[in-house]
Amino acid sequence: ATIVTTHANGRNNAMAVAWHTAVSREEPYYLVSISAKRYTHELLVASGEFVVNFMPIDQSEIVALVAGCSGKDVDKFDAFGISSKPGSEVAAPVLEDAFAAYECRVEDQSTFGDHDLFVARIVAAQWEESAFKDDGMLDLERISPIVYMGGDTYSTATGGVRHDREVLAKETLRLK
């Protein structure tokens with residue numbers, strides 16, 4: 001789960017977003033899926049910019065809070081005491097408690113079912129250096145990212161196994 005922040009028409013907004021993914025590395029693109037019913041959608045269309053804020057599990061209450069109401073009705077930053085700083089390349093705010101954030105500019109928008117997919121170029125990235133290992137991988141002993149499990153349930157991404165996929169594929173194919 002992430003918090004996507006937007007800014008347009010003099011207003012900031014924050015929305016919990018579970019449907020998101022990187023779509024390209026060499027030209028860094030990121031995708032978020034947002035219903036046209038959401039206030040964030042309105043601001044995103046107006047500005048063409050957003051920030052994806054990756055939050056640690058100790059911020060799960062903020063994720064749930066921003067998911068529980070509309071920015072049309074309440075200034076979530078004031079109501080929930082959310083600390084932010086200006087983006088370096090976009091007008092949308094970067095959350096102070098995020099361990100990483102992607103500042104994005106929309107390059108394409110397509111509708112699928114009841115959601116719009118916004119494909120955006122990552123124009124700046126910010127991260128807390130201590131959250132990552134020397135190899136660039138998130139240090140799960142220091143930071144537990146929030147995983148949205150559905151409904152009102154949030155969990156952590158602990159454990160796991162890391163495989164070098166190219167080496168593993170070559171070894172497995174060699175053994176057959």
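This is a predicted model: local features need pLDDT of at least 70, side-chain atom pairs count only at pLDDT 80 or more; totals for chains, interfaces and linings use all residues.

Visitor: What is the radius of gyration of the protein, and why does it agree with a globule?

Guide: For 176 residues, a compact globule would have a radius of gyration near 16 Å, so the value for this protein agrees. The C-alpha trace spans about 60 × 35 × 35 Å along its principal axes. The radius of gyration is 17 Å.

Visitor: What percentage of the residues count as buried?

Guide: The protein exposes about 10,300 Å², and carbon and sulfur atoms supply 48% of that area. Of contacts between residues at least 6 apart in sequence, 59% join residues at least 24 apart. Of the 176 residues, the share that counts as buried is 37%.

Visitor: Which residues have the most contacts inside the largest nonpolar core?

Guide: In soluble globular proteins, nonpolar side chains tend to be buried together. The largest nonpolar core here has 18 residues. Strands β2 (11–17), β4 (29–35), β5 (49–54), β8 (100–112) and β9 (115–127) each give two or more residues to this core. The residues with the most contacts inside it are Y30, V32, F50, V52 and C104.

Visitor: Which residues is V52 in contact with, leaving aside its neighbours within four places in sequence?

Guide: V52 is among the residues with the most contacts inside the largest core. With those sequence neighbours left aside, its contacts are T2, I3, V4, Y30, V32, A100, A101, Y102 and C104.

Visitor: Is C69 buried or partly exposed, and how many disulfides does the structure hold?

Guide: C69 has a relative accessible area of 27%, so C69 is partly exposed. C104, in contrast, counts as buried because its relative accessibility is 0%. A disulfide needs two cysteine sulfur atoms within 2.5 Å. The number of disulfides in the structure is zero.

Visitor: Which backbone oxygen does the side chain of T5 reach?

Guide: T5 sits in strand β1 (residues 2–8). Its relative accessibility is 0%, so T5 counts as buried. Beyond neighbours within four places in sequence, T5 is in contact with N13, A14, F50, V51, N53, F77, A92, P93 and L95. At 2.5 Å, its side chain reaches the backbone oxygen of P93.

Visitor: Which elements do the buried residues of α1 pack against?

Guide: Helix α1 covers residues 39–47, and its buried residues are Y39, T40, H41, L43 and L44. After α1 comes G48, with a positive phi near 75°. The buried residues of the helix pack against β1, β2, β4, β5, β8 and β9.

Visitor: Is T111 buried or exposed, and which side chain does its own side chain join in a polar contact?

Guide: T111 belongs to strand β8. Its relative accessible area is 55%, so T111 is exposed. Its C-alpha atom is separated by 9.3 Å from that of S33, 78 residues apart along the chain. The polar contact, at 2.6 Å, joins the side chain of T111 to that of D116.

Notes:
Residues are numbered from 1 along each chain as its sequence is written. Side-chain values use heavy atoms; hydrogens and water are left out. Buried means under 20% relative accessible area, exposed over 50%, partly exposed in between (1.4 Å probe, protein chains only). Helices (H or I, at least four residues) and strands (E, at least two) are DSSP runs, numbered from the N terminus. A polar contact is a pair of N or O atoms within 3.5 Å; within protein, one must be able to donate a hydrogen and the other to accept it, and residues adjacent in sequence count only if both atoms are side-chain atoms. Contact means heavy atoms within 4.5 Å. A nonpolar core is a set of buried Ala, Val, Leu, Ile, Met, Phe, Trp, Tyr and Cys residues joined through side-chain atoms within 4.5 Å. The radius of gyration is taken over C-alpha atoms; the globule rule is 2.2 Å times the number of residues to the power 0.38. Accessible areas come from the Shrake-Rupley method with a 1.4 Å probe; for residues, only the protein chains shown count as cover.
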